[in-house]
Amino acid sequence: MKLTFSPGSPFARKVRIAAIELGLIDKIELVAASVAPTQKNETYSHDISPVRKLPALILDDGNVIVDSYVITEYLDELAGGNKLIPAAGPARWKVKSEHSMLQGMTDAMLLCRYEVGVRPKEFLWQAWYDDQWDRAWQGLARFENHQDILTRPLDAAQIALVCVLGYADFRFPDCGWHKAFPKLDAFHNKMLQRESVKISVPPKG
């Protein structure tokens, strides 16, 4: 299998962590890809995904699985199931719902990054930026006060949370989340002790 990725992508990082934790990383070839906004990538659009998003998992038979959660779910099933995503019942829907919330928080941070890093400065929409950042920040506050996700055995939602926190450090190092959310900070430090999390930290800069 092949996984399209960028070292700075929180979505691709999520899948890499999952693959390591599930013991499948040796079956996956990492393929660097560039899908930056406003920059066309005809090969990626044609051969992998027309929406040009990372990551995508290309199976040995040529079929392509897209979306970081869907890929994680596929890998979980491949590893026997019920490891990172509960198989059924309230726990399954809790993990899936928390993951969706964290996915939205990551999307909001990514939009903030694009607003200040890609959009021409004369067109910067500050109110839009502030609104997106508030969504991410309120999400962090929500998980700071819901300790279950911080203490239970490893699952897909916890992996998504550590990727949100890592992306905040990567792109918004001065945002102050470590001080504002001490429980999340402790969770993040604990997760960094896992080899899967440690080796997938985004590069500096």
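# Salt bridges, core and cysteines of a predicted model

In this predicted model, Arg 152 and Asp 148 join their side chains in a salt bridge, with N and O 2.6 Å apart. Arg 152 counts as buried, at 15% relative accessibility, whereas Asp 148, at 35%, counts as partly exposed.

Another of them is formed by Arg 194 and Glu 21, whose closest N and O atoms are 3.0 Å apart. This pair links distant parts of the chain, since Arg 194 sits in the loop between α9 and α10 (195–198) and Glu 21 in helix α1, 173 residues apart. Arg 194 is partly exposed, with a relative accessible area of 32%, and Glu 21 is also partly exposed, with a value of 28%.

A further salt bridge brings together the side chains of Glu 73 and Arg 92, at 2.9 Å from N to O. Because Glu 73 belongs to helix α3 and Arg 92 to helix α4, the pair ties together parts that are 19 residues apart in sequence. Glu 73 counts as partly exposed at 25% relative accessibility, while Arg 92 counts as buried at 18%.

| Salt bridge | N to O distance |
|---|---|
| Arg 152 and Asp 148 | 2.6 Å |
| Arg 194 and Glu 21 | 3.0 Å |
| Glu 73 and Arg 92 | 2.9 Å |

The nonpolar interior comes next. In soluble globular proteins, nonpolar side chains tend to be buried together. The largest nonpolar core of this model has 53 residues, and those with the most contacts inside it are Leu 57, Leu 75, Leu 102, Met 109, Leu 140, Leu 161 and Leu 184. Two or more residues of this core come from each of α1 (10–21), α3 (68–78), α4, α5, α6, α7 and α9. The largest share, twelve residues, is given by α7. Apart from this core lies another, of five residues, including Ala 33, Val 35, Tyr 44 and Leu 54.

Leaving aside residues up to four places away in sequence, Leu 75 touches Met 1, Val 15, Ala 19, Leu 22, Leu 24, Ile 28 and Leu 57.

Helix α5 can be described in detail. The helix covers residues 126–144, and its 19 residues should span 27 Å at 1.5 Å a residue; the end C-alpha atoms are 27 Å apart, which agrees with that expectation. Its buried residues are Tyr 129, Gln 132, Trp 133, Ala 136, Gly 139, Leu 140, Ala 141, Phe 143 and Glu 144. Among the elements that cover these buried residues are α4 (90–117), α6 (148–151), α7 (156–171), α8 (177–180) and α9 (182–191).

The cysteines remain to be considered. A disulfide is a covalent bond between the sulfur atoms of two cysteines. The structure holds zero disulfides. Cys 163 is in no disulfide, and the nearest cysteine sulfur, in Cys 175, is 16 Å away. At 3% relative accessibility, Cys 163 counts as buried. For Cys 175, the closest cysteine sulfur is that of Cys 112, and because the two sulfurs are 10 Å apart, they are too far for a bond. Cys 175 counts as partly exposed, at 23% relative accessibility.

Terms used: Residues are numbered from 1 along each chain as its sequence is written. This is a predicted model: local features need pLDDT of at least 70, side-chain atom pairs count only at pLDDT 80 or more; totals for chains, interfaces and linings use all residues. Side-chain values use heavy atoms; hydrogens and water are left out. Helices (H or I, at least four residues) and strands (E, at least two) are DSSP runs, numbered from the N terminus. The expected span of a helix is 1.5 Å times one less than its number of residues. Buried means under 20% relative accessible area, exposed over 50%, partly exposed in between (1.4 Å probe, protein chains only). Contact means heavy atoms within 4.5 Å. A nonpolar core is a set of buried Ala, Val, Leu, Ile, Met, Phe, Trp, Tyr and Cys residues joined through side-chain atoms within 4.5 Å. A salt bridge is a side-chain nitrogen of Lys or Arg within 4 Å of a carboxyl oxygen of Asp or Glu. A disulfide is a pair of cysteine sulfur atoms within 2.5 Å.
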